[in-house]
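Subject: Handover of a structure and notes on its contents

Dear colleague,

Please find the structure below, followed by a summary of what was found in it. I would be grateful if you could read the notes with the structure open.

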Amino acid sequence: MDSFSGLESFVRAADLLSFAEAGRALGISASAVGKNVARLEQQLGLRLFHRTTRQVRLTQEGSLFHERCRRILDELHDARAAMQAAAEAPRGRLRVSLPTIGYRFLLPVLPEFQARYPEVELDLDFNDHLVDVVEAGLDVVIRSGELADSRLVARRLGPFRFILAASPAYLSERGLPLTPPDLAGHSSLRYRFLNSGKLEEWMLPGLPAMPIALVCNNMEAMLGAAVSGLGLAYMPDFLARDALARGELQQVLAEQLTHSGQFSALWPSSRQLSPKVRAFVDFASERLFKG
């Protein structure tokens, strides 16, 4: 006997409490369902259904067996769907949410992604608010920090470093700090987190109290303020990379700053990983934050 067919016939008949309805759902006759169930009962040495001319109902053993078989069949169907999905080409609209400054690390590699997967249409949402991935209908989010939502699966993409930088004009006027205590006479530019309202802590041993010249909740604005000579800013290395290369910013205390951050790609654990999501996550893991 085909064991899979037998289990399918039993589970469907148990779901519907009708051999006729189970047969219609499976595309076979009611008698074929009955024969499959009878063979299964014979094989198990148990009666799974109480049968009358008008109805069927599960025995106590049948109810227990139904619960187990339902889980097994669900796993088999999921495995089959996963294998079929793996063979499909990634395509369709892909909704991705990133931090506001995420364009700085993602956009440079997007031409390569589009060349690999021309049938994927990216819909990018750049914002710094906490988003409910499931409620918002997002496919993937990229965020830094630790995973707090148990409904999500995460893959680490790579680390980044924090740096302390100011404009050359500012440092020429105020002096180049060589040790953390030298920062006492300098102006700081501080980032305020949108969700908590807290100021980002500067992870620098021996940091003295510093006057605050500016507080803002936008990293790009803080970068612009540093380039304009308003003070020293603590920021991710990828945010300052272009300004450093152009000579608009100068890094200070590089050896003392060792703190790093971590970005991850997250997606709902309840959803089958589609080819387009798998393609994007694999690509992001391969290409982002690789120095």
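Which residues of helix α10 (residues 237–245) are buried? They are D237, F238, L239, A240 and A243, where buried means under 20% relative accessible area, exposed over 50%, and partly exposed in between (1.4 Å probe, protein chains only). Helices (H or I, at least four residues) and strands (E, at least two) are DSSP runs, numbered from the N terminus. The cover over the buried residues of α10 includes α5, β6, α9, β9 (232–236) and β11 (260–268). Just after α10, G247 adopts a positive phi of about 80°.

This is a predicted model, in which local features need pLDDT of at least 70 and side-chain atom pairs count only at pLDDT 80 or more, while totals for chains, interfaces and linings use all residues. Residues are numbered from 1 along each chain as its sequence is written, and side-chain values use heavy atoms, with hydrogens and water left out.

Nonpolar cores

A nonpolar core is a set of buried Ala, Val, Leu, Ile, Met, Phe, Trp, Tyr and Cys residues joined through side-chain atoms within 4.5 Å. The largest such core has 58 residues, and F105, L164, L232, M235 and L288 have the most contacts inside it. Strand β6 (residues 152–166) gives the most to this core, with seven residues. The core lies between domain 2 (92–159 + 262–286) and domain 3 (160–259), because both give residues to it; the domain bounds come from an automatic or database domain assignment. Apart from its neighbours within four places in sequence, F105 is in contact (heavy atoms within 4.5 Å) with L98, I142, F238, F263, L288 and F289. A second, separate core has 16 residues, among them F19, A22, L48 and V56.

Salt bridges

A salt bridge is a side-chain nitrogen of Lys or Arg within 4 Å of a carboxyl oxygen of Asp or Glu. The whole structure holds 13 of them.

One of these joins D74 and R70, at 3.3 Å from N to O. Both residues lie in helix α4 (residues 60–87), four residues apart, about one turn of the helix. D74 is partly exposed at 34% relative accessibility, and R70 is partly exposed at 26%.

Another pairs R91 with E119, their closest N and O atoms being 3.3 Å apart. This pair links distant parts of the chain, 28 residues apart: R91 is in the loop between α4 and β3 (92–98), and E119 is in the loop between α6 (110–116) and β4 (120–126). R91 is partly exposed at 44%, as is E119 at 46%.

The side chains of R104 and E220 also meet in a salt bridge, at 2.8 Å from N to O. Here R104 belongs to helix α5 (residues 103–106) and E220 to helix α9 (residues 219–227), 116 residues apart. R104 is partly exposed at 21% relative accessibility.

Surface

Y103, L107 and F126 make a nonpolar surface patch of about 230 Å². Such a patch consists of nonpolar side chains (Val, Leu, Ile, Met, Phe, Trp, Tyr) joined within 5 Å, from residues with over 30% relative accessible area and no salt bridge; accessible areas come from the Shrake-Rupley method with a 1.4 Å probe. L107 is in the loop between α5 and α6 and is partly exposed at 39%.

Yours sincerely

Conventions
Patch = residues over 30% accessible without salt bridge, like charges linked within 9 Å, V, L, I, M, F, W, Y side chains within 5 Å.
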